[in-house]
Amino acid sequence: MVQAVPEAGGAPNRAPADRTASRTVEVWDLPLRLWHWILAVCVLVAWFTPTVYDGLHRIVGYLVIGLLAFRLVWGFMGSRYSRFRMVGVRLRAAPSYLWNLRRGITGRYIGLNPAGTLMLVALLLSLIVSAVTGAMSVTVAFFGVWWIEDTHAYASDAVIVLVVLHVLGVVLMAVLQRENLIRAMITGRKRIRGHL
């Protein structure tokens, strides 16, 4: 059995995995990460399947409705960074945050920053409108109703625009803060302040 050798200053020499774990904190729990990636796949599939693979498009649409319902519940029952408790505060901070972002001032947030919170709300609202009007458009009462179809189309386009902005925002923040945010959404862990 190998014993830890004290480093300078008396701290034990930990294994690399231990040192990495101590420099990161769990932010995104497994259910939230699975939700995020499954939703991303569903949105892409839904975008490329209307009028070509209507059956698949409909199945994915219903899956999105289920995912949205899960996220709304998880926003109140999930782990700390999954909950919606800070949404109001972060939304109020979003205008000044975006203004400061022009000068490269990002601040440091373990969970979503104000711009990320704004994106979360915009995406959830757009997805709800898109999914609900999509489901309505295949019912007897609303089939062929122009405003349902138009609302579904516009909301779906808005979702794709927001997804592109989300990806660009993640890349921008990753560069500005020198942190792999995509890996954080895969592992659930982000580095703590002071560790690059």
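Reader: Which residues in α2 are buried?

Author: In α2, they are Leu32, Arg33, Trp35, His36, Leu39, Cys42, Val43 and Ala46. Buried means under 20% relative accessible area, with a 1.4 Å probe and protein chains only. This is a predicted model, where local features need pLDDT of at least 70, side-chain atom pairs count only at pLDDT 80 or more, and totals for chains, interfaces and linings use all residues. Residues are numbered from 1 along each chain as its sequence is written, and side-chain values use heavy atoms, leaving out hydrogens and water.

Reader: What covers the buried residues of α2?

Author: The cover includes β1 (24–26), α3 (54–77), α5 (114–136), α6 (146–177) and α7 (181–187). Helices (H or I, at least four residues) and strands (E, at least two) are DSSP runs, numbered from the N terminus.

Reader: How do you know that the span of α2 agrees with its 19 residues?

Author: The expected span is 1.5 Å times one less than the number of residues. For residues 30–48 that should give 27 Å, and the end C-alpha atoms are 28 Å apart, so the two agree.

Reader: What about the 32 residues of α6?

Author: They should span 46 Å at 1.5 Å a residue, and the end C-alpha atoms are 46 Å apart, which agrees. Just after α6, Arg178 takes a positive phi of about 50°.

Reader: Which residues of α6 are buried?

Author: They are Ile148, His152, Ala155, Ser156, Val159, Ile160, Leu162, Met173 and Gln177. Their cover includes α2, α3, α4 (87–101), α5, α7 and β2 (189–191), where contact means heavy atoms within 4.5 Å.

How values were computed. Buried < 20%, exposed > 50% of the residue type's maximum accessible area, 1.4 Å probe, protein only.
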